[in-house]
Protein chains: 2
Amino acid sequence: MSTAVAPPSGHQPDRQSDEQSDQQSDQQVADLARRARVAANELATATRATKDAALHAMAAALLEHAEEILTANAEDVAAARADGTPEHIIDRLSLDHARLAGMADGLREVAGLADPVGEVVRGSVLANGLEMRQVRVPFGVVGIIYEARPNVTADAAGICLKSGNAVLLRGSSSAKRSNLAIVEALRAAAVASGLPADVVQRVPAESRASAQQLMRARGLVDLLIPRGGAGLIRSVVEESTVPVIETGTGNCHVYVDAEADLDMALRIVLNAKTHRPSVCNAAESLLVHADVADAFLPRVVTALQEAGVTIHGDERFAAYDGVVPATDADWAEEYLGLHISAAVVADLEAAVAHIRQWSSGHSEAIVTGSQAAARRFTAAVDSAAVMVNASTRFTDGGEFGFGAEIGISTQKLHARGPMGLPELTSTKYVVVGDGQVR
Amino acid sequence: MSTAVAPPSGHQPDRQSDEQSDQQSDQQVADLARRARVAANELATATRATKDAALHAMAAALLEHAEEILTANAEDVAAARADGTPEHIIDRLSLDHARLAGMADGLREVAGLADPVGEVVRGSVLANGLEMRQVRVPFGVVGIIYEARPNVTADAAGICLKSGNAVLLRGSSSAKRSNLAIVEALRAAAVASGLPADVVQRVPAESRASAQQLMRARGLVDLLIPRGGAGLIRSVVEESTVPVIETGTGNCHVYVDAEADLDMALRIVLNAKTHRPSVCNAAESLLVHADVADAFLPRVVTALQEAGVTIHGDERFAAYDGVVPATDADWAEEYLGLHISAAVVADLEAAVAHIRQWSSGHSEAIVTGSQAAARRFTAAVDSAAVMVNASTRFTDGGEFGFGAEIGISTQKLHARGPMGLPELTSTKYVVVGDGQVR
C-alpha cells in the first residue's frame with residue numbers, strides 16, 4: 001500500500017529567495033501549501049504552552065532583528081517613493097522602532113489570550129451510550145492576501161499560530177523586503193520554540209500569478225482572508241475557489257429616530273463620522289426621522305460642517321448652505337473620509353428600507369428613547385452589528401473584548417462581525433463508544 | 001431620497017409556469033431571488049408559533065393534494081422510463097402515498113424542534129456599560145440544488161422555513177412536475193398561515209442556465225447547498241460565487257488497532273460497510289495494524305465476503321482467495337456499494353498518514369482498547385467525525401439528536417458534519433447603550 005508519509009520539515013527556516021519564487025509560481029504556491037499542511041498537522045496538536053512560547057519568541061525576534069527589518073523597510077519605502085507612491089500609502093508602509101515595538105506587543109497580547117483549540121462547543125451522551133462532543137480544531141492552512149501595511153505580517157502570523165493554523169502570507173509587492181525580513185525573524189523564532197518553520201510562510205508577491213494560484217488552491221488551502229481595499233476583496237471573492245471570508249466594507253448608517261435624545265444623537269453622529277473617518281466602522285450615512293428634522297437638521301449640519309465634513313444631502317438637507325445634493329451613488333458610497341450622505345425619512349420603516357437597500361451590512365445605529373423602535377430596528381436590520389444609542393465605531397474586536405482581530409466579516413457564512421481567535425477555527429465531532437453499531 | 005420599498009408580495013401563490021421560465025432564465029432567477037428576499041425579510045421576524053403553524057399546514061397540504069402530486073409524479077416517472085432511466089433512479093424519483101406521508105411527518109417533526117432564530121450565542125456587558133449579545137439570525141435566501149428525489153423538496157423547504165430562510169429550490173429536470181405540484185401545495189399552505197408564498201419558490205429546472213444563474217447570484221442569494229452526487233457538488237463548488245456548503249462525499253475509514261477487541265472490530269467493520277452501503281457514512285476502506293493482521297485478516301475477509309463485499313486489498317489482503325489487488329484509485333474511491341479497500345499498516349501513525357492522504361474528511365473510526373491510541377487518533381485525524389469503538393454510520397443528524405438534517409458538511413467553513421437547524425443560521429451582534437461614543 002501507499003502510505004506516503006510526508007517528509008519531516010526538518011524545522012529549518014529555509015530562506016525564501018525572491019528570484020527563485022518568480023519562476024513557476026503555480027507550482028511554488030502549491031509546494032508552499034503542501035509544506036504548510038505538514039507544519040499544520042504538527043501545530044494542530046501543539047499545546048498552548050508551546051504556542052505561547054513561540055509567540056513570545058517571535059516578539060523578541062522582531063526586536064532582535066530590528067535593524068535588518070528597518071533596513072529592508074527603508075529600501076521598500078525608497079522604492080515606493082521612487083515610483084511616486086502617495087504619501088498616505090508611504091505612511092502605511094513605513095516602520096520604525098515604535099511600530100516594531102507595537103507589533104511585538106501585539107504578539108505578546110495574543111499569547112495571553114485563551115487557546116480556542118480543543119474548546120468543547122457542545123457535548124452529550126446519546127441514547128445508545130455514545131459520548132459525543134463537538135470540539136474546536138484549527139482550519140489547517142490559512143491564506144491571507146493583504147495590502148501595504150507590513151504590521152499585518154506579524155499580526156496575522158500571531159493570530160493564525162495561536163489558533164493552530166499554518167499561514168501563507170501574500171502581502172503586497174511594495175512591502176516585499178519588509179515582509180521577507182519579518183517572516184524570516186518569525187520563522188527562526190518558531191524553530192527555536194520547537195515548531196516547524198513552515199507554520200509561517202511568505203508567498204512571493206512579485207507577480208499577480210501567486211495571488212491567483214493561492215485563490216485556486218482548493219484542497220491545499222482551507223481558508224482565504226483578503227485584507228485591504230474594496231477592489232482587492234472583490235477580486236478575491238470573485239476568483240477564489242478556496243473558501244473566503246469577506247472583510248471590511250462598511251457603508252454604515254446612523255438613524256436618528258423621532259424619540260431620540262437629540263444631544264445624544266449629535267454626539268453619536270459626530271463620533272461615528274469623525275472619530276476615525278478612514279475605517280470601516282465609521283458612519284457614511286445619516287437618516288433623520290421627519291418629526292425631528294426641523295429641530296435636528298440645523299444642529300447636525302452646523303456641527304458636521306464645523307468638523308470639516310461635507311454633507312451630501314437629500315432635498316431637506318440640501319436646503320442648508322454648503323450641503324451638496326446627493327445622488328444614488330452617494331447612498332451606496334463608502335467615503336472613508338470627511339463626507340456623509342444624509343436624508344430625512346418618513347418613519348422608522350422608511351429608514352429600515354433605506355438601510356436594506358444601500359447598506360453593506362457592516363454596522364448600523366439607531367438613536368431612540370423608544371423601546372418599541374429599538375426592538376423593531378434591531379430585529380429588522382440585518383447587519384453584522386446593530387447598535388442602539390451607541391456609535392458604530394464600537395464594532396471592533398478590541399472594543400468587543402476579543403483581544404485580537406483578524407478582520408471584520410461582512411458575510412454571513414461562518415463568521416460575522418469582528419473575528420477573533422475562535423472564528424479562525426473549525427470544529428469536529430469526537431464520538432466515543434464501546435462497540436456501538438446501527 | 002430613494003427609499004424604494006419593495007412592493008408587497010400580496011401573499012398570493014403565483015403559479016410558476018414552465019414555459020415562461022425557460023425564457024430569459026438569467027433575469028428570472030434574479031427576480032425569484034429578489035422576491036425571496038422580500039419574503040425572507042418578513043419570515044426573519046415571524047414567531048416560532050407562526051412558522052410551526054405553517055409547517056403543520058404544509059404537512060396537511062401534501063396529503064390534501066396527494067392526488068395532484070402523485071399524478072404529476074406518475075408523469076415524471078413515465079417520462080423518465082421513456083428516456084431509458086435506470087431503475088434505481090426511477091425508484092428515487094417515485095412517490096406513493098406512504099412516501100408522501102413520510103414527507104408530511106418530516107415537516108411535523110421540524111415543527112417540533114426548537115427555533116434556532118433569536119438564540120443568544122454569547123453576551124456580556126462591556127467595560128463602558130454597552131450590553132453586547134450575539135444572536136442567531138437567518139441567512140436570508142438559501143438556494144438548494146439537488147437531484148432526483150422529490151422528497152428533498154419538502155424536507156429542504158421545511159428546514160429552511162423553520163430556520164427563517166426563504167428557499168429557492170432547484171431540483172432536477174426529471175422531477176419537474178412532481179416538484180411543481182409539491183411547491184404549489186407548500187406555497188398555498190404558507191399563505192394560509194399568514195406567511196408570504198415566496199418563502200418557498202421553485203427555480204425552473206428545464207435548462208442548466210437556471211442552475212448557473214443561481215450559482216452566480218452573489219448578493220441576491222446568501223448560501224447555496226448542493227445535494228447529490230460528487231459531480232454535481234464539484235461543479236457547484238467550482239462555479240459558484242455564492243457561498244457554498246459542500247456536502248456528502250464520504251471516503252470513510254475503519255482502523256483496527258493493535259489493541260482492538262477483534263470481535264468488536266468485526267462487528268463495526270461489517271456494520272460500517274454493509275448496513276447501508278450507498279450512503280456517505282458507510283466505510284470504504286479498512287486499515288489493520290500489522291500486529292493483529294494474522295489474527296484478524298482471515299476472519300474479516302471471510303465475514304466481508306460472506307456479506308457479498310468485494311475486497312480490494314494490498315499484498316497482505318490479496319493473499320486471500322477472492323481479494324482483488326488494490327491500486328491507488330481504490331484508496332481514493334467512494335464505492336457507495338459492496339466494495340471495500342483494505343490494507344495492513346505498520347502502526348497507528350501509518351494509519352493516520354494513510355487517512356490524511358486519502359480521506360475525504362467525512363468520518364473515520366478507530367477500534368482500540370488503548371486510551372493512548374484513542375487519544376492520538378482523535379487528535380491527529382482531522383475529519384468531520386472521528387469515532388472510537390463505534391461505527392462510522394453514526395455520523396448522521398438523526399443519530400446525533402439534531403432532529404433534522406439538511407446534509408453532512410465535509411468542509412471546514414461555517415458547518416462541519418451533520419447540519420441541523422442552527423447550521424442554517426448566521427449571527428449578528430446587537431449592542432445596546434445609553435449614548436456611548438469612542
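This report describes a predicted model with chains A and B.

## Ground rules

Residues are numbered from 1 along each chain as its sequence is written, and chains are lettered from A in the order in which they are written. Local features need pLDDT of at least 70, side-chain atom pairs count only at pLDDT 80 or more, totals for chains, interfaces and linings use all residues, and side-chain values use heavy atoms, with hydrogens and water left out.

## Confidence

pLDDT is the predictor's confidence in each residue, from 0 to 100. Chain A has a mean pLDDT of 92, and 94% of its residues reach 70 or more. Residues 1–23 of chain A are below 50. Beyond near neighbours in sequence, that stretch has 55 contacts in the model. Contact means heavy atoms within 4.5 Å. Where pLDDT is low, the predicted coordinates should not be read in detail.

For the complex, the predictor gives an ipTM of 0.91 and a pTM of 0.90.

## Domains

Chain A is assigned domain 1 (18–247) and domain 2 (252–395). These bounds come from an automatic or database domain assignment. The C-alpha centres of the two domains lie 36 Å apart.

## Two copies

Two copies of a chain are related by a rotation about an axis and a shift along it. Here, a rotation of 180° with 0.0 Å of shift superposes chain B on chain A, with an RMSD of 0.0 Å. In chain B, the C-alpha nearest the axis belongs to B:His414, 1.8 Å from it.

The copies meet through the same surface, because 100% of the interface residues of chain B are also interface residues in chain A. B:Asn271 has contacts in both chains: leaving aside neighbours within four places in sequence, these are A:Val437, A:Arg438, B:Ser391 and B:Arg393. B:Asn271 is found in helix H11 (residues 262–274) of chain B. Helices (H or I, at least four residues) and strands (E, at least two) are DSSP runs, numbered from the N terminus. B:Asn271 is buried, at 8% relative accessibility. Buried means under 20% relative accessible area, exposed over 50%, and partly exposed in between (1.4 Å probe, protein chains only).

## Inside the fold

A nonpolar core is a set of buried Ala, Val, Leu, Ile, Met, Phe, Trp, Tyr and Cys residues joined through side-chain atoms within 4.5 Å. The largest has 108 residues. Those with the most contacts inside it include A:Ile144, A:Leu169 and A:Val200. Leaving aside neighbours within four places in sequence, A:Val200 is in contact with residues including A:Met58, A:Ala157 and A:Leu169.

A:Val288 lies in strand S8 (residues 283–289) of chain A. At 0% relative accessibility, A:Val288 is buried. Its C-alpha is 8.5 Å from that of A:Val254, 34 residues apart along the chain.

## Cysteines

A disulfide is a pair of cysteine sulfur atoms within 2.5 Å. The structure holds zero disulfides over all chains. The cysteine sulfur nearest to that of A:Cys280 belongs to A:Cys252, 6.9 Å away. A:Cys280 is buried, with a relative accessible area of 17%.

## Positive phi

B:Asn389 is buried, at 10%.

A:Leu336 also has a positive phi of about 55° and is not a glycine. A:Leu336 lies in the loop between helix H14 (328–332) and strand S11 (339–345) of chain A. At 38% relative accessibility, A:Leu336 is partly exposed.

Key. Copies are superposed by least squares on the C-alpha atoms of residues with pLDDT of at least 70 in both.
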